[in-house]
Amino acid sequence: MFDIVIVGGGLVGASLACALAPTNLRIAVVEAVPFKSQHQPSYDERVLAIAQGSKRILDAISVWSEIGKADATPIKTIHISDRGRFGASHLRHTKYGVEALGYTVPARALGNALIQKLDHLPHITVLCPVKVTGLDVEHDQAALTILQDSKQDKLTCRLVVFAGGTTTEIGGSLDFRTESYKYGQTAVISTVTPSFPHNNTAYERFTETGPLAMLPTRQNRYAVVWTALDEQVEGLLHCSDDDFLEQLQYRFGDRVGALQKLGIRRAYPLSFVKVERPVRSRIVVVGNAAHTIHPVAGQGFNLGLRDVSTLAEVLYDADSTGLDIGAIGVVDRYWKWRERDVNRVGVFTDSLIRTFSNNFLPLVLLRDTALVALDLMPLAQQFLVKRTMGLAGKLPRLARGMPLV
Ligand SMILES: Cc1cc2nc3c(=O)[nH]c(=O)nc-3n(C[C@H](O)[C@H](O)[C@H](O)COP(=O)(O)OP(=O)(O)OC[C@H]3O[C@@H](n4cnc5c(N)ncnc54)[C@H](O)[C@@H]3O)c2cc1C
């Protein structure tokens with residue numbers, strides 16, 4: 001019997017296992033898709049924006065040092081604009097006394113660092129490729145059905161942490177009350193090399209079809225996250241590289257010179273998912289399985305990592321005072337702590353999409369005025385930046401850069 005079974009060894013599940021490593025809890029991580037597979041849904045071609053607060057957590061769980069120096073790129077300035085209109089705002093790291101507003105890290109490099117660490121942790125058993133296909137919750141334990149090489153088996157534990165991502169069968173069968181809808185938009189990602197140095201500047205440009213983000217990454221490249229309407233995606237995925245670059249240049253403009261050398265293209269249909277109350281006796285749902293948000297502000301994994309740092313602290317504190325870690329009182333404590341942040345970030349990203357994908361003239365004027373005002377009002381800017389850096393509210397120990405144990 002394990003203390004905790006984490007279903008899903010993606011970015012959030014693996015981070016939680018690393019965070020809990022210094023405790024005496026016996027943990028199993030069950031992951032369906034081999035970590036190095038081309039089809040691994042978590043460790044793929046994306047380049048993720050990692051907030052300052054998340055870097056602190058990754059540092060405190062000894063994962064940041066495993067990310068190659070060449071793999072993490074500081075974001076020093078963020079330039080936000082409304083394509084073809086007057087609204088624009090600049091956020092600069094020097095104003096906030098930090099060496100960077102955030103970092104970009106390729107998801108695969110982050111995955112490698114997490115897996116390398118998991119391989120060397122004595123209390124942690126990694127079962128991969130193994131799929132969880134069923135769950136029975138009893139009074140004092142949970143029993144999971146797992147499928148490995150077409151053979152069924154059982155795992156029992158005191159607490160199941162469900163970190164299976166957005167679309168998982170087991171997540172659906174858990175029957176939590178969930179709000180979900182599709183945006184009708186798909187993110188097409190790739191990389192390009194600008195003819196000018198990127199100078200660690202990230203760009204977020206709102207366009208009629210959705211936001212276009214350019215994130216500075218290694219070797220003077222930009223990671224592109226181009227949000228397009230669903231019906232435009234086939235064209236963007238299958239046109240020639242030259243065609244794609246020409247359309248991108250037209251949308252983005254020539255701030256960083258000519259865009260060249262297109263990388264691999266991938267598409268991610270976008271949806272919003274929110275589990276109303278992602279805890280119940282013996283179960284906690286975390287990461288994308290609990291809240292999937294639009295990537296407009298690069299907040300999804302950062303939010304999941306804040307789930308991780310909070311849950312690790314609640315579970316460690318409960319266990320070390322002799323409480324049952326699967327008891328409703330313990331998992332409730334976790335959700336009371338997380339609820340505000342999860343709701344705020346969900347509403348914030350969703351309103352950004354609704355406001356900036358709207359061409360109703362009064363709204364256009366209002367949002368452009370808001371962007372200019374943001375540039376002119378240091379306090380408003382500070383409020384927003386502190387939140388997006390993951391440094392606001394009551395922070396758990398790991399998010400303050402302190403050890404868990
Ligand atoms: C285009 C795009 C860009 C993004 N950019 C950013 C960004 O810049 N910054 C940011 O913070 N976030 C970003 N995000 C969001 C971020 O990618 C997600 O929030 C993050 O990947 C969620 O991690 P997760 O571990 O919860 O889920 P996932 O990454 O989906 O991992 C779930 C894992 O669980 C496994 N699994 C599922 N079901 C089972 C089962 N039954 N048994 C065993 N294993 C199972 C899966 O194989 C998978 O490995 C972006 C998202 C997109 C789409």
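This is a predicted model: local features need pLDDT of at least 70, side-chain atom pairs count only at pLDDT 80 or more; totals for chains, interfaces and linings use all residues.

Q: What makes Asp71 and Arg218 a salt bridge?
A: The term asks for a side-chain nitrogen of Lys or Arg within 4 Å of a carboxyl oxygen of Asp or Glu. In Asp71 and Arg218 the closest N and O atoms are 2.3 Å apart. That is within the limit, so the name applies. In general, side chains of opposite charge can pair when their charged atoms come close.

Q: Where in the chain do Asp71 and Arg218 lie?
A: Helices (H or I, at least four residues) and strands (E, at least two) are DSSP runs, numbered from the N terminus. Asp71 is in the loop between α2 (52-60) and β4 (73-75). Arg218 is in the loop between β14 (210-217) and β15 (221-229). The pair links distant parts of the chain, 147 residues apart.

Q: Why is Asp71 called buried, and Arg218 partly exposed?
A: Buried means under 20% relative accessible area, exposed means over 50%, and partly exposed is in between (1.4 Å probe, protein chains only). Asp71 has 17%, so it counts as buried. Arg218 has 35%, so it is partly exposed.

Q: How do you know that Arg338 and Asp307 form a salt bridge?
A: Their side chains meet at 2.8 Å, N to O. This pair also links distant parts of the chain: Arg338 sits in helix α8 (residues 328-356) and Asp307 in helix α7 (residues 300-320), 31 residues apart. Arg338 has a relative accessible area of 3%, so it is buried. Asp307 is buried because its value is 1%.

Q: What makes Glu313 and Arg397 a salt bridge?
A: The closest N and O atoms are 3.6 Å apart. Glu313 is in helix α7, and Arg397 is in the segment after α10 (378-388), 84 residues apart. Both Glu313 and Arg397 are buried.

Q: How many salt bridges does the structure hold, and which residues are linked in a network?
A: The structure holds 17 salt bridges. Asp3, Arg26, Arg158, Arg282, Asp319 and Asp324 are linked in a network of them.

Q: Why is Asn199 called exposed, and what is its phi?
A: Asn199 has a relative accessible area of 56%, so it is exposed. Its phi is near 50°, a positive value in a residue other than glycine. Asn199 lies in the loop between β12 (178-194) and β13 (201-207).

Q: What makes the bond from Cys128 to Pro129 cis?
A: Its omega is near 0°. Pro129 is in the loop between β8 (124-127) and β9 (131-137). As a general rule, most residues other than glycine have a negative phi, and most peptide bonds are trans.

Q: How many disulfides does the structure hold?
A: The structure holds 0 disulfides (pairs of cysteine sulfur atoms within 2.5 Å). Cys128 is partly exposed because its relative accessible area is 25%. Cys239 has 14%, so it counts as buried.

Technical notes:
Residues are numbered from 1 along each chain as its sequence is written. Side-chain values use heavy atoms; hydrogens and water are left out.
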